[in-house]
Amino acid sequence: YKIVGSSLSGIELGGNDLSTTSLSGIIIANNVMVNMPSGGLSMGFNNHPAENLDTLIIANNIIHNCYTNGGGTAVNLHHIGDNSLSGSFGSEAEIIFDYNIISQGENGCSAMGYNGNFLDNYDDFVNDYNLNLHGANVNPSLNSEFKPDDINDPTVDAGLDFSGFFDTDIEGNVRPNGTAWDIGAYEYTSG
């Protein structure tokens with residue numbers, strides 16, 4: 001999906017009331033969240049025990065120029081509980097957060113939140129919690145429709161393959177269009 005500044009937050013799972021009691025088999029992939037007044041991605045899990053979490057994958061998303069109201073975080077994974085429940089692709093974690101492009105943009109926020117910790121440095125999010133190890137904190141080269149506009153864009157050929165679930169982008173273009181899937185809602189197409 002393409003979610004552009006028309007709502008308060010991009011994607012919110014679990015809600016701020018923390019009433020969610022279990023999550024299973026959820027994939028949040030290949031979205032573009034841009035120019036959000038609040039966070040691009042927010043998830044609250046109410047300190048679930050491990051048996052209540054099963055396969056939550058957050059990958060191939062672009063979170064750009066979010067929290068334009070100032071303050072807050074571009075991404076907030078709060079009340080996750082045991083830090084071993086989350087990690088990057090290839091780990092045994094129940095929550096996989098990886099292959100995402102997260103960028104401050106012109107008016108957004110670069111801060112991240114994890115388990116109640118406010119991290120104003122993206123590298124702390126990656127290094128301290130092993131999240132988004134294959135992702136990046138760079139401004140993508142997107143056109144006015146938020147599509148990659150350059151073959152050398154960091155979103156191009158940089159994502160995970162989800163062909164077991166879907167094999168086209170938001171416009172019906174076949175994935176992959178190059179050597180690998182692109183990050184975001186659109187596959188790069190020349191012209």
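Helices here are DSSP runs of H or I with at least four residues, strands are E runs of at least two, and both are numbered from the N terminus. On that basis the chain has one helix and 13 strands. This is a predicted model, in which local features need pLDDT of at least 70, side-chain atom pairs count only at pLDDT 80 or more, and totals for chains, interfaces and linings use all residues. Residues are numbered from 1 along each chain as its sequence is written, and side-chain values use heavy atoms, with hydrogens and water left out.

**The chain as a whole**

- Of the 191 residues, 49% count as buried, where buried means under 20% relative accessible area, exposed means over 50% and partly exposed lies in between (1.4 Å probe, protein chains only).
- Take the contacts (heavy atoms within 4.5 Å) between residues at least 6 apart in sequence: 71% of them join residues at least 24 apart.
- The chain exposes about 8600 Å², and carbon and sulfur atoms supply 44% of that area; the method is Shrake-Rupley with a 1.4 Å probe, and for residues only the protein chains shown count as cover.

**Aromatic pairs**

- Rings of Phe, Tyr and Trp (its six-membered ring) pair if their centres lie within 6.5 Å; planes under 30 degrees apart count as stacked, over 60 as edge-to-face and the rest as tilted.
- This rule gives seven aromatic pairs.
- Phe97 and Phe125 are an edge-to-face pair, because their ring planes stand at 90 degrees, with the centres 5.5 Å apart.
- That pair links distant parts of the chain: Phe97 sits in strand β10 (residues 95-98) and Phe125 in helix α1 (residues 122-129), 28 residues apart.
- Phe97 and Phe125 are both buried.
- Phe162 and Phe165 make a tilted pair, 6.4 Å centre to centre with 55 degrees between the planes.
- Phe162 is buried at 6% relative accessibility, whereas Phe165 is exposed at 62%.
- Ring pairs join Phe162, Phe165, Phe166 and Trp181 into a cluster.

**Around Asn60**

- You will find Asn60 in the loop between β6 (53-59) and β7 (62-64).
- Asn60 has 0% relative accessibility, so this residue counts as buried.
- A polar atom of the Asn60 side chain lies 2.8 Å from the backbone oxygen of Leu160.
- Beyond its neighbours within four places in sequence, Asn60 is in contact with several residues, among them Asn30, Asp98, Leu160, Phe162 and Trp181.

Notes:
Polar contact = N/O pair within 3.5 Å; in protein donor to acceptor, adjacent residues only side chain to side chain.
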